[in-house]
Amino acid sequence: MLEIQNLHASVEGKEILKGINLHINPGEVHALMGPNGSGKSTLSNVLVGNPLYTVTQGTITFKGKDLLAMPAERRSHEGIFMSFQQPVEIPGVSMNSFLRAAVNAKRKYMGQPPISGAEFLKLIKEKRQLVGLDDSFTRRGVNEGFSGGERKRNEIFQMAVLEPVLTILDETDSGLDVDALRIVAEGFNKLRTPQSSAICITHYQRMLDYLRPDVVHVMLNGCIVKTGGPELANRIEEEGFDWLKNVEN
Amino acid sequence: MSSINQYIDLYLQHADLLNQGSHPLINAHRAAALSGLQTHGLPSRKDERYKYTDIDKALAPDYGLNLQRLSIPFSTRYQCRVPGMRSRLYHVVDDTLAGGDILDTPQIFVGPLTLFAERYPEKFKKYYDSESESGKSNALARLNTMLVQNGIVVFVAKGYKESDLLQFINLSAGGVPMLTNRRQLIILESGAEATILACNHSGSQIDHLTNEVVEVWQEEGSKLQYYTIDDTVASDSILNTTHIVQSAGSRLEYASITLSGGLARREVDIYLRGADASVQASGFVVGDGEQHVDNNLLVVHDAPACQSDVLYKYILDGQAVGAFAGKVYVSPGAEQTDSQETNANMCMSPEARMYTQPMLEIYADDVKCNHGSTVGQFNDNALFYMNQRGISPEDGRKLLQQAFAWDVIERIPLLPLRQRLMRMVESRFRLADSCNDCGICISKV
């Protein structure tokens, strides 16, 4: 589904990614771990086409298509979704109008007619129950005045509405208490299909206990230095990243 | 040579014709206005309140005036209905009431200025142009007083509450470049209530300048909602002078929305003369192309315990120029004044220009006042967040623009009107047919 080869990327002229290779098959969940500054968030931002990041070398193929040639909105239409580390507040734009615009943009891309009002209401009612958000929340401005937990739940809610094939969870567990983490992770698990894949960026084992990744990667200094199964995450939980620095050297 | 001279000459040559087409009580004010213009001339850009708009240039074209009161055909397809609201609809072509039922009862008068002067001379004399000789009158008000022939009066008698929306569709018309001097006189006696919507539309694409004076008198405990919308073509310009006097306990909701047009300048003076009077003044401007929109506001707290709340927002694109100057003046003795003033602006293109000047002058001790302004562009993080959800940059910007507008629109208390205005703003951003049921204006050009 996703094939990254020798990816180099920089932000503000500084090279952050230094040759990433990654292959993700349909249905797989990959965990991406690593200390702060290792390039995890840069990789996710490059995948979704954030214009602040510049790809200097390498290729990304998604469902057989050249991902780097697509603008951000088209990547979304093709099925890539990122749960933001810090979801943005957009005062004045209601969740309803925001989501409806998003749904209709995708439908237009797929050659489908815009969603009707009744259909849309039914869709969001069904999906918000997955993450335990109440009715009033869709009438509020996007993330406006939301608590940290609400923002993260809102990300999963949007994922539920947009039904992506590749989800990137960028530290979705940060700032969540134990209960909120469970709600978010369980919501995510309910949405998984045999065809959908995910990249989960996290510092903590707890999130991975819920998501049960198939593959765990460790990034250091812009490269993937170690790839393994779930046991790799356990070892990092116990020993940290220092032993990997030694491996790297 | 100042461009005012051509109008002074025109008046001197055609005073008889002007007078014939009007009413003696209106005519009685012309000489003083002429004298004021001859003495003071036009303001220049060196004058503080006229820094951002060149009045001399605005008046320079050789405009004609409809001195002979020729009837100008107009189309009633300009309906601009507000769904969900009972309204009385009036069409005003230039300065003349051309459609709609005149109301003339002991409780309410809605009709031409000349008829009001004829029917209620004492009231007319009490209110019409009654502050011009105190030195407050400006050059554009003088020009209007010198040349005005007609206009509209809304008079609501003591204690009467008009529940229907009074809607005026002002059409600029004429087959040649024209100057219209239109007058509106709005009088609410004590405890009276009214809601007025004035929509300015273009009847043609020929250069047109409207020099409008609006005088509003609100007596004790009266409530007025007054909204004005400019949705005209680029060849249409408006210079508006609004003078509002509020007595004790009166409430005013004022909003001016400029969606399109050429030059639009509004000078709005609001005098809070009685205790516990309150005003909420709002403005929203969408400017592009070479639009020039200047709102100059003065709120004078002359009595204790009055509230003023001013919020103006501009979104400028292309080479549009916006200006906002708002002065809140708290007189000695106006204790417990509660005032806030905000001006927030977005410049969408590198060529768009915004001038903003919020001002506070306080001569009382016990007051709560704040003022501020911002000029910025859209939040790139918000735009990218939308892109990631599949919303194109273009649609994302439109959503953000609508959200920016909503702050102002949501201040309008009447839900149907609020929805109607929001739809107009949304259409303006879509640049689609801006108002299908009324056939206006810029989007069809």
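**Exercise 1. How many residues of chain B are in contact with how many residues of chain A?**

Before counting, some ground rules. This is a predicted model, where local features need pLDDT of at least 70, side-chain atom pairs count only at pLDDT 80 or more, and totals for chains, interfaces and linings use all residues. Residues are numbered from 1 along each chain as its sequence is written, while chains are lettered from A and ligands numbered from 1 in the order in which they are written.

*Step 1.* Take two residues as in contact if their C-beta atoms, placed from the backbone, lie within 7 Å. On that basis, 17 residues of chain B meet 21 residues of chain A.

*Step 2.* Look at the elements, where helices (H or I, at least four residues) and strands (E, at least two) are DSSP runs numbered from the N terminus. On the side of chain B that touches chain A, α8 and α9 of chain B each supply at least two residues. The largest share, seven residues, comes from α9(B).

*Step 3.* Sort that side by type: Ala, Val, Leu, Ile, Met, Phe, Trp, Tyr, Cys and Pro count as nonpolar, Asp, Glu, Lys and Arg as charged, and the others, Gly among them, as polar. You get nine nonpolar, five polar and three charged.

**Exercise 2. Work out how α8(B) and α9(B) pack.**

*Step 1.* For α8 (residues 380–388) and α9 of chain B, the angle is about 125° and the axes are 9 Å apart.

*Step 2.* Classify: under 35 degrees is roughly parallel, over 145 roughly antiparallel, 65 to 115 roughly perpendicular, and the rest oblique. So α8(B) and α9(B) are oblique to each other.

*Step 3.* List the partners. B:Ala382, B:Leu383, B:Met386 and B:Asn387 of α8(B) meet B:Pro393, B:Gly396, B:Arg397, B:Leu399 and B:Leu400 of α9(B). By type, that contact has six nonpolar residues, two polar and one charged.

**Exercise 3. Find the non-glycine B:Asp94 and B:Asp129 with positive phi, and say where they sit.**

*Step 1.* Most residues other than glycine have a negative phi. B:Asp94 has a phi of about 55°, and for B:Asp129 phi is near 55°.

*Step 2.* In chain B, B:Asp94 lies in the loop between β1 (87–93) and β2 (96–99); B:Asp129 lies in the loop between α6 (121–127) and α7 (139–147).

*Step 3.* Count neighbours: 20 or more other C-beta atoms within 10 Å means buried, 12 or fewer exposed, and in between partly exposed. B:Asp94 has 25 C-beta neighbours inside 10 Å, so B:Asp94 is buried. B:Asp129, with 25 other C-beta atoms within 10 Å, is therefore buried.

Technical notes: Axes are lines fitted to C-alpha atoms, for helices over the stretch in contact, and angles run from 0 to 180 degrees between N-to-C directions.
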